[in-house]
Amino acid sequence: MTSIAKPPVRHPALEPNALGLTRRDYEGAMSTLCAGCGHDSVTAALVQTCHELDVEPHRVAKLSGIGCSSKTTAYFLKEAHGFNSVHGRMPAVATGVSAANRELAIVGVSGDGDSLSIGLGQLCHAIRRNVRMLYVLENNGVYGLTKGQFSASADVGSKAKKGEANRQKPIDPVLLALTLGATFVARSFSGDKTQLVPILKAGLRHQGFAFIDVISPCVTFNDHEGSTKSYASTRERHRELAPVDFIPLRREIQASYDPGGAMTVPMHDGSLVRFRKLAEDYDPTDRDAAYAHVKRHQEQGEVVTGLLYLEDDADDMHALNQTVAAPLYDLPYEQLCPGSAALTELMREFE
Amino acid sequence: MRGARVARLFPESPSSNGRHDDGGRVNDFAFKVGTVNGTGSASANSLLLQSIFRMGIPVCGKNVFPSNIQGLPTWYEIRVSRDGWTARTPDFDLIVAMNPATHERDIAEVRSGGWLLHDSSWPLDAALLRDDVTFIGIPLGRMCVEAFSGGRERTLMKNIAYAGALAALLDIDLEVVKESIRAEFAKKPKLIDSNFRALHLGYDYAREHFACPLPIRLERMDATRGHVLLDGNTAAALGCLYAGATVGAWYPITPATSLMDAFGRFCARYRVDAETGERRYCIVQAEDELAAAGVVIGAGWAGARAFTPTAGPGISLMGEFIGLAYYTEIPAVFFDVQRTGPSTGMPTRTQQGDLLSVAYASHGDTKHVALFPSDPGECFRFAVEAFDLAERFQTPVFVVSDLDIGMNDWMIPALTWDDAYRPDRGEVVTAEQLAAMQRFSRYLDVDGDGVAARSLPGVHPRGAYFTRGSGHDKHAAYTEDADAYREVVDRLALKLATAAKAVPAPEIREREGAEMGIIALGGCHGAVLEAVERLAGEGIALDYMRIRAFPFDAPVEDFLRAHDRVFVVEQNRDGQLRSLLQLETGIAGDRLLSLRDYGGVPLSARAVVEGVMAQLAEVAA
């Protein structure tokens, strides 16, 4: 059941944000996912993200398809409009929502089954259109609701709970997104909130399609020995490419960092994505390098996490379409209907 | 008998007129042009249609074209009807046979006593000649090769040359034709000159060599004033524009494509800020029909008037989303411009094969509002109505036309608009109303009509709810409880029953002394109307009901119950309208006599008359 309300208990010490809302105000219904599900950690990260960015909950549209991951949208932002659409087709619905009301912040949550099999085409085309939205792919390599089939992201050799090993090559959503020209590509781990939250923040503020693949282990069907998307395996294999921080626009003047030790990427609205460099140089604005980097580590059995690529000045769907600044759903009818005189004049062309 | 056949050939001498066994008919005949697609004949044919229309004579044109870009046979049929009948007729008085590949068929199809115009640059196969047909040979190809240079121009101008010959033979006002050419090429004056030359090649040759006009000929009338020649897809696109639709999503498919093409053109003209270039609309060419439906539903959910034009295969793909919109109660407008099925069928031929699949689209218990325009004028009005109904009842609404209505030019009264119109947005709660509420429940029917108020995202925190295609109760909360589930789906049934009273009522024409009835919808209307008139002349009086929408309301059932025998005319193999009437009204099947025509070409009055006669003969026997 995805709509069991949480008891309205409020911890007195909860800190309000600029809107006077506490983190509790950003929660949703009680999760009905399995205890320990990675998706619940993603939910918590989304709650923290929206709270810390002072997002007005009702200005968010949260959308999903079908599956365990798609239940996530019920568990955060109870004052946001939510939409469980049909399996794999959330990107099209989100595209329509964006077309109608460009002022909404759109958060899409999907899974590896939803995004890489039944909805693969829709994901690709939302990337092509650069629909302005945060797209979180909760990736566990398995179909949970239908009890344990491999998904298209299962690695070769990864073992299912019953012991059989996957032999088909996986689709890597990050490499796919990079290839298709996505303007924001990241990968993270549900168990690493320190990394995930700044990435979600940057993604939510991105003026285009922000794609985040989150390895989010399935504790019931894919958290055993031999699975490459188990907690143990992910913790062991994941390599953070560089710590990322997101500094919202309004806090810019308060930020103090050593420019020599970091690379900062300014976002469209003036906020900053800041990479603190560690062992290696990593340029998050070089698509080819990002691809090569992910691929190289993959060959070594490692999962690279972090903000892999960012292009902040690309045109989003509305810029490509030259849509008016006001949301289309709210345009006065007078601005839409040419009126009787125009029709009479037009009819002359058909006489 | 070869000699006799040759004797029937029109002599190429002005002094010896051909014989005519026809007394002559003015403004009441049909002709068609057989050509090859991709040769540019479409513009010559529409020039002919337009010129006759501009002479004030009622006329209709039907394009019978292949699903191919170049090289296959295509025909254009023109019916001139002083009485204003708009249906196709298969009785051709004259055929212009420009395609040697179809000579055999074209010659066979001319009515006895009719004429066949052919390109005499090449000899006609003598074995195909008929005694009862007059052959008019004009060396169109040869003349164009001499008069023009370049292969493409010679091919194109051959079309204008046969148009010129027809102008002479049928007495089409040459000045009207020229005026149309001038208007067409206003921006390319060089082409005006070559078109005029080509026109005169045919015209002058016909005048010099044959007695012009033929006994089938035109005379100016004043019966087209206030009318236009318009296709249904263009009209529907105008309806979307005037209804205030702002989001259109689609995947190209014949015969629906031109609807979105036209919407884009009109938006570019009327909805773009001249200074900034900003657009007050968004058209998404989706990756497939599934996505197109998803975009429309997302936009509808967020409060925009959104639509998608498609055809049968698209409706099939959209099925899952249609069910979602029905159950989650999201307004969405679907245009189904039907083509022949099943499967890919004949994509460029017409049919009414989607009636059942539209009425009950998707899995589970679903039922949808569908409107059936019968001409482009109704495509315009029903498009506007569809958006109002979709928002008022928060449900998918289908405008079901077909290839004949959608892609052919119809003579209809010029479209008009009432500036007092304002969109019916249905029950949408405002921020102020939400602020004053204790609790907003998305699926709560307050006034007992089955319609619940909806809230739009972004408007007010209290308006937030979770939209789900899974089981939900009246508060929009997930449920698997039998009673809570039933409460919602029973309300949906009530909502559709309310909608049945709001959709366009059937149009009923009663006839003195009629005991039997006849029912049709959509593009069959013109043919049935004409057939009913002709049957009355034969002493068979029929009351006629044209169904304009689904679900059916009381008048439809009343009509069925008032007649012991009712003919149901439709263009599909299985009698889908008849099935729908039986299913929805429970009327006994033996009272419904099915007349089906499903070869892919527009219905003719002759088919209806013959069908009725045959059934009556069977009943009598």
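Let's start at A:Asp312, which sits in the loop of chain A between strand 13 (303–310) and helix 9 (317–321). Please keep in mind that this is a predicted model. A:Asp312 is buried, yet it has no salt bridge. The nearest side chain of opposite charge belongs to A:Arg132, and that is 8.7 Å away. So what does the side chain of A:Asp312 meet in a polar contact? The partner is the side chain of A:His206, at 3.3 Å. Setting aside neighbours within four places in sequence, the contacts of A:Asp312 are A:His206, A:Gln207, A:Pro266, A:Met267 and A:His268.

Staying in chain A, have a look at helix 4, residues 120–129. Its buried residues include A:Leu123, A:Ala126, A:Ile127 and A:Arg129. As a reminder, an α-helix has 3.6 residues a turn, so residues three or four places apart point the same way. Is A:Asn130 buried or exposed? Buried, because its relative accessible area is 4%, and the cut-off for buried is under 20%.

A:Gln322 also has a positive phi, about 60°, without being a glycine. You will find A:Gln322 in the loop between helix 9 and helix 10 (339–347) of chain A. At 40% relative accessibility, A:Gln322 counts as partly exposed.

Now let's move towards the other chain by way of A:His87. This residue is in the loop between strand 2 (81–84) and helix 2 (90–100) of chain A, and at 21% relative accessibility it counts as partly exposed. The side chain of A:His87 reaches the backbone oxygen of A:Ile66 at 3.3 Å. Beyond its neighbours within four places in sequence, A:His87 is in contact with residues including A:Asp114, A:Tyr143 and, from chain B, B:Glu320.

That brings us to the interface itself. Chain B gives 71 residues to the contact and chain A gives 56. How much area is buried between the two chains? About 5,400 Å², with 63% of it from carbon and sulfur atoms. Across this interface there are 3 salt bridges. One of the bridges, B:Arg422 with A:Glu334, has its closest N and O atoms 3.3 Å apart. There are also 22 residue pairs in polar contact, both residues at pLDDT 80 or more. On the chain B side, the elements giving two or more residues include helix 2 (41–54), helix 8 (232–243) and helix 11 (312–328). The largest share, 8 residues, comes from helix 10 of chain B. By class, that side has 42 nonpolar, 16 polar and 13 charged residues.

Last stop, the inside of chain B. B:His368 lies in the loop between helix 12 (355–359) and strand 14 (369–371), and counts as buried because its relative accessibility is 0%. A polar atom of its side chain lies 2.8 Å from the backbone oxygen of B:Ala361. Among the residues that B:His368 touches are B:Tyr326, B:Phe398, B:Phe550 and B:Pro551.

B:Pro551 is in the loop between strand 21 (549–550) and helix 18 (554–562). Another cis peptide bond joins B:Cys212 and B:Pro213, with omega about -5°. B:Pro213 sits in the loop between helix 7 (189–209) and strand 8 (216–217) of chain B. Thanks, everyone!

Technical notes:
Residues are numbered from 1 along each chain as its sequence is written. Chains are lettered from A and ligands numbered from 1 in the order in which they are written. This is a predicted model: local features need pLDDT of at least 70, side-chain atom pairs count only at pLDDT 80 or more; totals for chains, interfaces and linings use all residues. Side-chain values use heavy atoms; hydrogens and water are left out. Helices (H or I, at least four residues) and strands (E, at least two) are DSSP runs, numbered from the N terminus. Buried means under 20% relative accessible area, exposed over 50%, partly exposed in between (1.4 Å probe, protein chains only). Lys and Arg count as positive and Asp and Glu as negative; His and the chain ends are not counted. A salt bridge is a side-chain nitrogen of Lys or Arg within 4 Å of a carboxyl oxygen of Asp or Glu. A polar contact is a pair of N or O atoms within 3.5 Å; within protein, one must be able to donate a hydrogen and the other to accept it, and residues adjacent in sequence count only if both atoms are side-chain atoms. Contact means heavy atoms within 4.5 Å. Buried area is the accessible area (1.4 Å probe) that two parts lose on being put together, summed over both. Ala, Val, Leu, Ile, Met, Phe, Trp, Tyr, Cys and Pro count as nonpolar, Asp, Glu, Lys and Arg as charged, and the others, Gly among them, as polar.
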